[in-house]
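I opened my notebook to go through this structure step by step. Here is what I looked up.

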Amino acid sequence: MMGKWESMVKQIEERASHYERKPLSSVYRPRLSKPEEPSSIWKIFHRQNQAFNFVKSCKESVHVFALEHKMGNGQRIYLVTSYAQFWFYYKTRTTLLHCYEVIPENAVCKLYFDLEFNKLANPGADGKEMVALLVQHVCEALQEIYSVHCSAEDVLNLDSSTEEKFSRHLIFQLHDVAFKDNTHVGNFVRKILQPALHLITKDDEDEITEAVGHEASCFSVTPLKQEISEAWEKLALPKQCDPDLSFLVVKNHKGEKCLFVDLGVYTKNRNFRLYQSSKIGKRVSLEVAEDNRFIPKQSKDISEENQYFLSSLVSNVRFSDTLRILSCDPSQTKRKRVEYSNSAGTSVEPIEGFQASPYPEVDRFVLSLVNKPDTEGATVP
């Protein structure tokens with residue numbers, strides 16, 4: 001009995017000695033390239049805020065993508081991974097077909113545009129010419145306002161047009177220049193398009209609407225004349241020198257005037273469709289346009305198609321000591337800090353915010369309702 005026990009102990013000791021000399025490998029984690037590089041991450045979330053919270057906890061450089069997976073209800077799931085890992089699976093175009101880049105709130109990003117108009121409602125419109133004129137106008141504005149030089153060769157032009165709709169995405173590849181975030185991009189775009197907005201509003205100055213994102217329509221934006229005037233004052237340009245932007249005014253399927261440029265794509269955590277992706281239920285994907293003049297730099301390690309993909313990502317900004325960050329604050333109401341006191345007379349934490357909206361007429365209307373004597377909670381003089 002003792003001999004059998006000693007034999008078992010000896011076997012265990014020999015096996016332990018073997019594993020000390022040749023230890024088991026660590027848990028396998030898929031890698032895309034060199035073994036010394038960080039392990040890849042591929043994690044799915046059903047809520048966008050959960051995805052961003054996970055990104056904050058990662059040491060690796062990862063990003064959030066939105067994936068459409070149910071037709072009809074617009075439901076999306078959110079994928080966190082690196083650009084390299086995403087492209088590794090995305091380039092096969094077998095499963096990841098309806099994907100969007102999520103442009104993070106407060107993140108430095110590129111200048112970008114979403115353009116479209118209804119072809120049937122605008123039979124004489126030349127989409128390619130309109131794109132060329134818009135690019136020229138934007139380049140001139142960048143030069144005049146920020147002293148940033150660019151041309152059509154610095155603009156990635158992606159096309160997803162159909163027989164019914166002209167549709168483009170423009171992503172500016174500015175050299176060592178980016179915007180503070182996509183809110184500042186939106187402010188800049190609205191500022192330089194004021195002459196076109198004025199053409200829409202002058203026929204009906206009482207209407208204050210902003211219709212965006214309709215499948216068969218373009219984008220109608222009609223700010224007040226006061227906003228237009230303030231914007232031009234901030235630009236320090238005389239109104240008689242307004243550029244002719246009438247080519248940006250088109251009609252939607254109802255025959256209403258609207259803008260060729262979608263001003264609704266500059267919201268926080270915006271989902272922006274990816275290069276080579278289509279909307280779910282649609283077959284037309286975003287591809288390099290025939291009139292695109294941007295050519296990415298050639299690389300031995302990265303294919304041309306991958307270069308186009310990386311260039312198309314709005315939040316893919318290469319940081320360096322020479323990177324210049326552009327900002328464009330809204331020209332309407334300035335933020336103020338206001339200190340309030342409660343009923344006991346003690347000071348309450350200062351509150352940052354707006355004391356008025358950008359629309360004085362709306363403010364006056366709301367105050368007229370609130371201040372009625374027969375309204376509960378109203379201030380009676």
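Why does Phe-45 count as buried? I found that Phe-45 counts as buried because its relative accessibility is 11%, and buried means under 20% relative accessible area, with a 1.4 Å probe and protein chains only.

I noted that this is a predicted model, where local features need pLDDT of at least 70, side-chain atom pairs count only at pLDDT 80 or more, and totals for chains, interfaces and linings use all residues. Residues are numbered from 1 along each chain as its sequence is written, and side-chain values use heavy atoms, with hydrogens and water left out.

Next I looked up the whole protein. Of its 381 residues, 40% count as buried. I listed 9 helices and 17 strands; these are DSSP runs, with helices (H or I) of at least four residues and strands (E) of at least two.

Then I turned to the rings. Rings of Phe, Tyr and Trp (its six-membered ring) pair if their centres lie within 6.5 Å; planes under 30 degrees apart count as stacked, over 60 as edge-to-face and the rest as tilted. By this rule I have 20 aromatic pairs. One of them joins Phe-45 and Phe-54, a tilted pair with 5.4 Å between centres and 45° between planes. I also wrote down a cluster in which ring pairs link Phe-65, Tyr-83, Phe-86, Trp-87, Tyr-90 and Phe-309.

Last, I checked for charges over rings (NZ of Lys or CZ of Arg within 6 Å of the ring centre and within 35 degrees of the ring normal). Lys-43 lies over the face of Phe-54, 5.8 Å from the ring centre. Arg-93 has its charged end over the ring of Tyr-90, at 4.3 Å from the centre.

Terms used: Buried means under 20% relative accessible area, exposed over 50%, partly exposed in between (1.4 Å probe, protein chains only).
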